[in-house]
Amino acid sequence: QSFCYTCTKELKKELAASIYSLRQFHHQPIFALVDTETKEYLKTFNFSGLHLKVGADSSHLQKELDLLGDTHDDLNTFHRKECIAKKMDAMSWALEIHDNTFFLDCDIVIVDNIQENFTSDICLSPHFHTEDEEGQILDNRVGIYNAGYVFCSNKDFPAWWKNNFLNDSKFYEQECMNRIPNNFSTQCFDRKHNVGFWRDKYPEVVRSFHLHLTKVFDDKHPNSLKTKIEGIRKFFKHYMSQDQGLYNNLISIIEGQPLKSVKLKSEKKK
């Protein structure tokens with residue numbers, strides 16, 4: 001019945017591109033919990049059905065840091081845990097109004113209709129790590145499921161997720177997701193959803209990508225990760241040759257050429 005996001009100014013263009021892509025295939029209301037700069041930026045696009053709330057300014061994020069305390073990251077990565085904590089707040093906001101919501105990270109790009117036959121409280125996106133020992137280590141350490149692609153129809157879930165992020169997770173909000181099936185009825189998206197750099201193989205048909213369209217490398221990115229990120233970008237560009245118009249508009253947004261308006265296309269068949 002709805003979608004939800006959270007974002008701060010550093011990734012506002014990514015969010016605009018994600019919403020633009022989503023609006024090509026879905027008309028449902030979108031709830032975005034953002035900072036003031038991102039709110040003003042998104043308003044320039046005139047996206048239909050977009051609800052904006054300022055809840056991720058520096059004062060809001062500092063409150064989250066005070067609650068989080070010590071790091072939840074033993075891998076020395078670049079994630080901002082105070083921003084992560086706003087995911088659950090965005091989900092709770094959408095569930096105040098609707099019976100279900102689909103949380104998306106702001107670097108998700110939708111390339112087809114992502115409606116599924118949701119029959120459970122929660123639908124999760126497995127990373128589909130390799131099935132060898134290395135893949136099992138990753139599942140145990142960073143989580144089986146990706147935290148940027150979560151359907152929810154249980155209003156108790158956001159509080160459960162945030163509490164476990166705060167108190168019982170070895171890797172941010174993600175490792176604790178391994179225990180979601182023990183607490184909520186759960187189903188999973190297939191390999192066509194949420195295709196990211198962590199996959200060992202890319203599917204022939206894709207419904208959504210998980211990738212940054214902007215350059216986000218920093219000193220904490222090992223070269224092996226940079227190689228994987230460049231790989232998914234190349235695959236995305238190749239895959240989008242079948243919808244060059246959508247690809248060009250996404251790149252225009254990232255390059256600072258925002259669209260004046262966006263109209264919903266007819267929903268594509270699965």
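This is a predicted model: local features need pLDDT of at least 70, side-chain atom pairs count only at pLDDT 80 or more; totals for chains, interfaces and linings use all residues.

Residues are numbered from 1 along each chain as its sequence is written, and side-chain values use heavy atoms, with hydrogens and water left out.

**The sheet**

- Seven strands make an open sheet with mixed pairing, in the order β3-β2-β1-β4-β7-β6-β8. Strands (E, at least two residues) and helices (H or I, at least four) are DSSP runs numbered from the N terminus, and two strands pair if DSSP finds at least two bridges between them.
- β3 (50-54) and β8 (186-188) are at the edges with a single partner strand each, so one side of each has no neighbour in the sheet.
- From one strand to the next, the twist averages 25 degrees. Angles run from 0 to 180 degrees between N-to-C directions, and axes are lines fitted to C-alpha atoms, for helices over the stretch in contact.
- β6 (residues 122-126) pairs with β8 in the parallel sense over three bridges; Leu124 has Cys188 in β8 as its bridge partner.

**Helices on the sheet and on each other**

- Helix α5 lies across β1, β2, β3, β4 and β7 (145-152), at about 145 degrees to β2.
- Helices α5 (residues 86-97) and α7 (residues 157-167) pack at about 170 degrees with axes 9 Å apart. That makes α5 roughly antiparallel to α7, a term for angles over 145 degrees.
- In this contact (heavy atoms within 4.5 Å), residues including Met88 and Leu95 of α5 meet residues including Trp161 and Phe165 of α7.

**The second largest pocket**

- This pocket holds about 170 Å³ of space. On a 1 Å grid over the protein atoms alone, a pocket is an open set of points where a 1.4 Å probe fits, with protein on both sides within 12 Å along at least five of seven lines; lining residues have an atom within 4 Å of a point. Points are joined across faces, edges and corners, and the volume is the space filled by probe spheres set on them.
- Helix α8 gives the largest share of the lining, five residues.

Terms used: Angles under 35 degrees count as roughly parallel, over 145 as roughly antiparallel, 65 to 115 as roughly perpendicular and the rest as oblique.
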